[in-house]
2 protein chains.
Amino acid sequence: MNPIIEEDELLYKAEQAKRASSSLAAKSTEQKNHALTAIASALRKHCPAILQANESDIAAAQREGMSQSMIDRLMLNQSRVNAMADALDNLARLNDPIGDCLEEWDRPNGLHIRKMRVPIGVIGMVYEARPNVTIDAAGLCLKTGNAVYLRGSRSALESNRTLVGIIRQALSKTDLPEDGVQLLEDVSHETADRFFRLNGLIDVLIPRGSQKLIRTVINKSTIPVLETGAGNCHLYIDESARPEMAINIAINAKTQRPSVCNAIETIIVQKKWFSRYGESLIQSLIASGVECRMDPSVASNYPDLPVAEEEDWKTEYLDKTVAIKIVSDVDEAIRHINRFGTKHSESIISETPSHVERFFQSVDASTLYHNASTRFTDGEAFGFGAEIGISTQKLHARGPMGLPALTTIKYIVKGTGQIRE
Amino acid sequence: MNPIIEEDELLYKAEQAKRASSSLAAKSTEQKNHALTAIASALRKHCPAILQANESDIAAAQREGMSQSMIDRLMLNQSRVNAMADALDNLARLNDPIGDCLEEWDRPNGLHIRKMRVPIGVIGMVYEARPNVTIDAAGLCLKTGNAVYLRGSRSALESNRTLVGIIRQALSKTDLPEDGVQLLEDVSHETADRFFRLNGLIDVLIPRGSQKLIRTVINKSTIPVLETGAGNCHLYIDESARPEMAINIAINAKTQRPSVCNAIETIIVQKKWFSRYGESLIQSLIASGVECRMDPSVASNYPDLPVAEEEDWKTEYLDKTVAIKIVSDVDEAIRHINRFGTKHSESIISETPSHVERFFQSVDASTLYHNASTRFTDGEAFGFGAEIGISTQKLHARGPMGLPALTTIKYIVKGTGQIRE
């Protein structure tokens, strides 16, 4: 870095990003798409340099005793670099939300008001080991006309530096400003704390990674945060549920990919259904390799299985473990979910329309399902093309976030000399 | 208060509000409107009790030497109480946004997805002296199916206690839960700091009052904040501006109500226009009682007027004072606005379409005007019926906020047994 940057890298790059954001906001869809494909080509071309930088990160991580699963996340190879490039090409083919007129109307005094979709400005991205987030975030932000200021982890610094160097070099040959993508290379905690308080320079922070990271950003930031996060999701099997469908969905929602946020953690079963089909449900789960932790009210029938404790109702296992809760009716199920859920995805299996309606009305979560697996809560399954994450907050964006989550609005008012009386 | 409440009033009432929010979310438009008019009637009926409580607040404020302008804000009288009641009746007549289906679509696997508008949950309202905010906030939140947790100022505690007592008593005779409206009576700063961190019980905080109050909430809160605030607004008079229209709008935007956030603080004038019509603009402003602080580049022609300093470009005077900035073209005007503006309302007076387009494209603000006064940025002038405030942030809501700003969305997904492959 040059001496000016070194003096206060954090602010210098934030100001560059802010300046670039004005220019980015005015770029056409064609200009942005061309830049995305140019970056994709550059990634493929410079793959050896990326892998070399990544090897140095991996070597350092090994010296410091990083766990194998963390090293897996940090690791890049030819096919992962190609996947990153392909994702950018895919992004270039998606519809550009910027410039859409969302509403327009006339006022009695002759003013014409249009509500237009515009970029947010500068997005601050805070993330952990995975270097693919660097490319993913840069692509999503550029597609929506935003500048991005990246704060990755220390362990991925060499990889991120090389990736951002390639992005900026590719941008310098396009109509988009290379300063639209900035990497904070000072990865100290002190500088991160200042990063979280750059109001006026960063418009929104998006943390991606562990619950701990997200919690830290929310607690320390004075900038609005787009919160993604935990999924303590439930499947409620109602008295009238068809047994085969309920069991099939239970197995899918628990085991198809247990480590993700839209997998279920507790199966809530109506007691009459349980007395008829519970044995079949439990045996199917066990046969699929799932550990079942049983509600104390039925635990005596399952002496070989662990008993669920209060803590189990709160736990996102992210593993092949599930808690089984027995309830007397849909209202008790709703109370349980609203007490212990994380407002992510909740499903009811039922053939009783009034119960389904009550569930839809009263459960507080981003996405509610009837007779379907919770595993569909994501941008791809919703048909959004690209996904920024799954919002678990209620402001701005909720549930799977597509490109519009990276936009805001601007009112454009045309007059003929109107003044306020 | 009863002993349980006293033990931890803050948490006790937060939990009551949260429980009530589930019930409120399921109420019909008719039930909500009936409750609003019931509260309006109760306010009119109990006006003497309200005025008596208010007198005790006023007496305490006078003893403590509160300024007359603050006492004016705190003061209620018959006509102010009637205005509060009328506002509730008006709210009852507005369209209810809850339950609207914003989008719906089918997926190739047969899932049907609906994006529904739902209440946010519990709104935390933090405000200063004006007791009318108590009624205003309760009305807006109930209309949108939200519970509200009010934290007013110590100086208005008796008034607020009486108002909330009347609201809750009125609600107890309707289908809405009286626990949907809660007043935090412990107005210590320590408890306020805990209030700002009640994640999981309060879904969003809305501060209303001074810049200092808003800043405090943003800095201390871990809950998402709906930020309303400062307006350092500009009027840019382009070379082609019609002189009469430009001067007329300048006077209106500065003087019609100088203390509000959508009044202008700096007039930016293209230098050729200024050399022709500047004298007329300045004389008109002076004749309207406005102090003009002149750009150094033309200050020598106005020896009797103060010279604008760097600080003036940043200042929201909220008074009959205006800074005059001279620029060579629209691009310089845009740069000035983007550097010093607060992203609120900005206007261009011009007959050159390409300049207007550039201004609309490049100025970063919630509301941009062509040939109109900035004074129209509010819910009433926009035709929203009710206004929660004017958002100066970019997430969730921007510009004038109507009832939809107090809502979020929920995805309702109907299936026939779909599982994720």
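What we have is a predicted model, in which local features need pLDDT of at least 70 and side-chain atom pairs count only at pLDDT 80 or more, while totals for chains, interfaces and linings use all residues. Residues are numbered from 1 along each chain as its sequence is written, and chains are lettered from A and ligands numbered from 1 in the order in which they are written.

In chain B there is an open sheet of four strands, ordered β5-β4-β3-β6 with parallel pairing; strands here are DSSP runs of E with at least two residues, helices are runs of H or I with at least four, and two strands pair if DSSP finds at least two bridges between them. Because β5 (181–183) and β6 (204–208) of chain B each have a single partner strand, they stand at the edges, with one side of each left without a neighbour in the sheet. On average, neighbouring strands of this sheet are turned by 20 degrees against each other, direction ignored, the axes being lines fitted to C-alpha atoms, for helices over the stretch in contact, with angles from 0 to 180 degrees between N-to-C directions.

Strands β3 (residues 122–127) and β4 (residues 147–151) of chain B pair in the parallel sense over five bridges, and B:Gly124 stands opposite B:Tyr149 in β4(B). Helix α7 (residues 132–143) of chain B packs on the sheet and touches β3, β4, β5 and β6 of chain B, where contact means C-beta atoms, placed from the backbone, within 7 Å.

Turning to chain A, it has 17 helices and 15 strands.

How values were computed. Two residues are in contact if their C-beta atoms, placed from the backbone, lie within 7 Å.
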